[in-house]
Structures are given as C-alpha cells and as structure tokens.
Amino acid sequence: MATTFKTRLGLLAATVGSAVGLGNVWRFPAETHANGGAAFLIVYIACMLLLGIPAMIAEFVLGRGGKSDAINVFGKLTPRSPYRMAGIMPILSSFLILAFYMVVAGWTFEYLIQSLSGNLFDIKTSGASELETSFHYKMEQYVATVTPPLLNLYIVLIINFLIIWAGVQKGIERLSNIMMPLLFALMLLFCVVSLSLPGAVAGLDFLFRPDFSKITPAVVVNALGQAFFSLSLGMGVLITYSAYYPQNTNLVKTAYTVSGLDLLVSLMMGIIIFPAAASFNMTDANLRGTTLIFVTLPEIFYKMTGSQLWSTLFFLLLLIAAITSIVSICEVPVAWIQERYKKSRLTACTIVTLPLIVLCSLCSLSFSALSDVHILGMTIFEFCDTVSSNILLPTLSIIVCLYIGWKLPKSFFYKQITNDNTINGKMASAIFFVIKYLAPPLICIILICSFIEI
Ligand code: PHE
C-alpha cells in the first residue's frame, strides 16, 4: 500500500476520529445507565486497559507490518494458512455495523436540522411531565415513520461517499484534522454547562460511586462489547489505518493516546448527561437505550437559555463524531476492493455503497414497516448491533491476538514495536505476553457468556 497519512497529528486525528463516535456519545451513556452506573464504568476501564489496549497494539502491528488491507493481510503474510479465512470477518462486521450506525447518524442529521430551524422546540406544554412525553413522542413518531428517516439516511450515505471518494489524505485526514479539535472544544463547553446545574452532584454520584453488587456477568459482557466497539477494535479499521502509518510512528504510544482520548470523551459524555438528567428529574424510562440522547438532551436544552444554539451545537458534534467513524469503517472494504481487485477509488466506493443502501434501509425500517420482523428475538436494528459488537468484534480480536502471538514469528511483533530497533521497547514483552496468553482466553470466556445471554 503506497498511501500514508501525511502528518503525525493527522494520523492521530483520524484514528481518534474512528474511535470517538456514536459509541461514546450515544451508546456509552445508555450502556452505563442500563448496567448500573459506576460499577459498569470500572469494569469498562478494566476491559480497556487489560484487553482493549493490547488488542489495539496487536492490530497496529499487523496492519503496519503487513502493509495491506484488513481482509488480505492474513493471506498476504501466510498464504497457505487457514488464518487467511479470517479476512471474511471484517467484511461481515463492517456492513453490519454500518447498517445500524448510519441509521443513527441519519437521526442525528434530522435533529441537527430541526435544531437549526427551531422546530425541535416547537412544542406546547405546561408541566414538566408533559415536556418529557412530548420529546419522547416526537422521537418515537419520527423513527416510526417510513420516509423521513430514510431520506436522512441517504443524505448521510452521500456525505460518506464523497469523503471516502476524496481519499485517505484529502478526505479522511483533512476532515479529522478539522473536526476532532472542534469536537473536543464543544464537549468541554457542555461539561462546564452541565456541571453548573443543580443536580451535578447526584449525577456524578451515579457515574462515579460504584455499587459492586451490580457487577454481574451480563455487565462484564456488555462492558467488553462497549470497550471493543468504542476503540474500533476487531473490525479491521485499525489494521487498515495502521497500514497507512509511516514507519517511524510509535505504535504503543499511539495506542495509549487513542484509548486515553476515547475514554476521555466517554467520561465527558457521562459528565454531560447524568448531572443534566439528575437536574431535570428525568425518569428511568426516559433514559433508556436508543433514544436516550434524542429525548433527554433536547429536554435539557429546552430548559436552558439559548436552547436552539446548544442543541444545534450538540447535534453537530454528534454528526461529526459519527461521520469520522463511518468513513473509517467504510475504508475497510473500500481499501480491500481497491487493492485486491485493482479498482479505482470511485468504483470501490460505489461497490461498497450499493449493498449498504439496502442494509441500512432495512435497519431503518425495523422501527416502522418492519418492526414485526425479529431475528433471534431482536429487531433487525438490534440484531446488527448485538451480533457485531458482542460477537464479531471480540471474535476477530481473538484471531488477531492468536495470529500475532502464535502464528507470526516473535520478531515480527518486536520489529514493529521498536520500529526496527530505533526506539525503546520496554513494554514490548509484557504486551506480547498479554496478546499471546491472556487476551485470547479472556475474550473467549466473555464471548461464550454473551452467547449464553442471547
Ligand atoms: N468506535 C466507533 C464509535 O465509538 C465505532 C466503530 C466501531 C468504528 C468499529 C469503527 C469500527 O462510535
């Protein structure tokens, strides 16, 4: 692969851009809420440190060492090994994730437009409970219609198409360089606003004071799923991106920086949402799952001065976060088609976008016309989310760890970690130990638990 990111900052921005996304802003608060607050947070951080970061380093080593896309890399390095079959996984998971991710990005686009126009706050209410119901109703009504969510979805698909088509440096890197600093600045601003609200202490209490009795196997499975999802692990994104890293990039440092910034954004989101929710007496029903940020936050903005401005800024932030992640996921199959079948960027983008239109539409319709269709008891949307985050991502991570730990020569790993003996690799042995011996069985146990749960 000849392409590389142009600058160190650019490669960091792009990788953080992939990691930071709906996973942090939309999924993290919902998961934290559903799994008992601080108890979940502790397990989540443990999963990230113990398994997430080593798994990320393993992907970086494979990507930069193999200098190939995520699907071909196994076959390129070990042509006759059964490991080459692992290439199927990134194709599957990228489409499944994009299927539901783009739908949520479409909702975000709708809320951005409604915030800009002021329509979002155009509701007539008298009491607090009525307000709650109004925003809930608005969201439920919106997702249950057929055409508007589809239209927004297609807009997101077009935006994504244009960025991917523009290429790695001119599209992805340039976009991330502008968007990521903007995102951090906006989040900081929201933290300050939320912490100045009267319910700040109660909200922080929920987020940071653990009740260990709440840690169950289900909490651990969900925490790992969330950690992998949030770090963009097990999907081939990090393998693909690190193939674009120059030879002098310090992989370990990059993994710590990316994970640290990703955790920071998730924590900031918790700091934004829980104090605000506590301040405005949100009920449990209002804090649940998919609709959390589309119901709770508008309600909070409604009660603040300058509702329209805050709301516009927030949904803009969310859209930025979503798009920088979407392009990273799309880059996985696009890079593969370009490289393997020697297609132009435009053709590769088109080949990837066409099936996406169908899959995403199905996910979107699973809230309306197809709401009765269930796969293993889940709607199409829930199925794509659960299967990809809780099953496919951990599985590919196990394969990558086994591959680096047991199949490739040890020198392959050390060469990448020490940049061919030009930098200090003090942590290398410890990281290698985790990748070889600890990560595969631990992720496997958690994976089996997730099967039992389903
Ligand atoms: N990490 C992204 C997020 O938190 C989602 C993602 C998953 C991106 C897997 C790439 C690969 O939103």
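**Cavities and a lining helix**

The lining of the largest cavity comprises 11 nonpolar, 7 polar and no charged residues, where Ala, Val, Leu, Ile, Met, Phe, Trp, Tyr, Cys and Pro count as nonpolar, Asp, Glu, Lys and Arg as charged, and the others, Gly among them, as polar. The model is predicted, with local features needing pLDDT of at least 70 and side-chain atom pairs pLDDT 80 or more, while totals for chains, interfaces and linings use all residues. Residues are numbered from 1 along each chain as its sequence is written, and side-chain values use heavy atoms, with hydrogens and water left out.

**Largest cavity**
- This cavity (grid points on a 1 Å grid over the protein atoms alone where a 1.4 Å probe fits but cannot get out, lining residues having an atom within 4 Å of a point) holds about 130 Å³ of space.
- Among its 18 lining residues, Ser18, Tyr101, Phe229, Ser232 and Ile329 are the closest to its centre.
- Helix H14 gives the most to this lining, with 3 residues (helices are DSSP runs of H or I, at least four residues, numbered from the N terminus).

**Second largest cavity**
- About 70 Å³ of space lies here, and the lining has 9 nonpolar, 1 polar and no charged residues.
- Helix H8 (168–195), helix H12 (251–279) and helix H13 (292–303) each supply at least two lining residues.

**Helix H14**
- Because 27 of its 34 residues are buried, H14 is largely enclosed by the rest of the structure (buried means under 20% relative accessible area, with a 1.4 Å probe and protein chains only).
- After H14 comes Lys342, whose phi is positive, near 50°.

Terms used: Buried < 20%, exposed > 50% of the residue type's maximum accessible area, 1.4 Å probe, protein only. 1 Å grid on protein atoms, 1.4 Å probe; cavity = no way out; pocket = protein on both sides within 12 Å on 5 of 7 lines; lining within 4 Å. Points joined across faces, edges and corners; volume = space filled by probe spheres on them.
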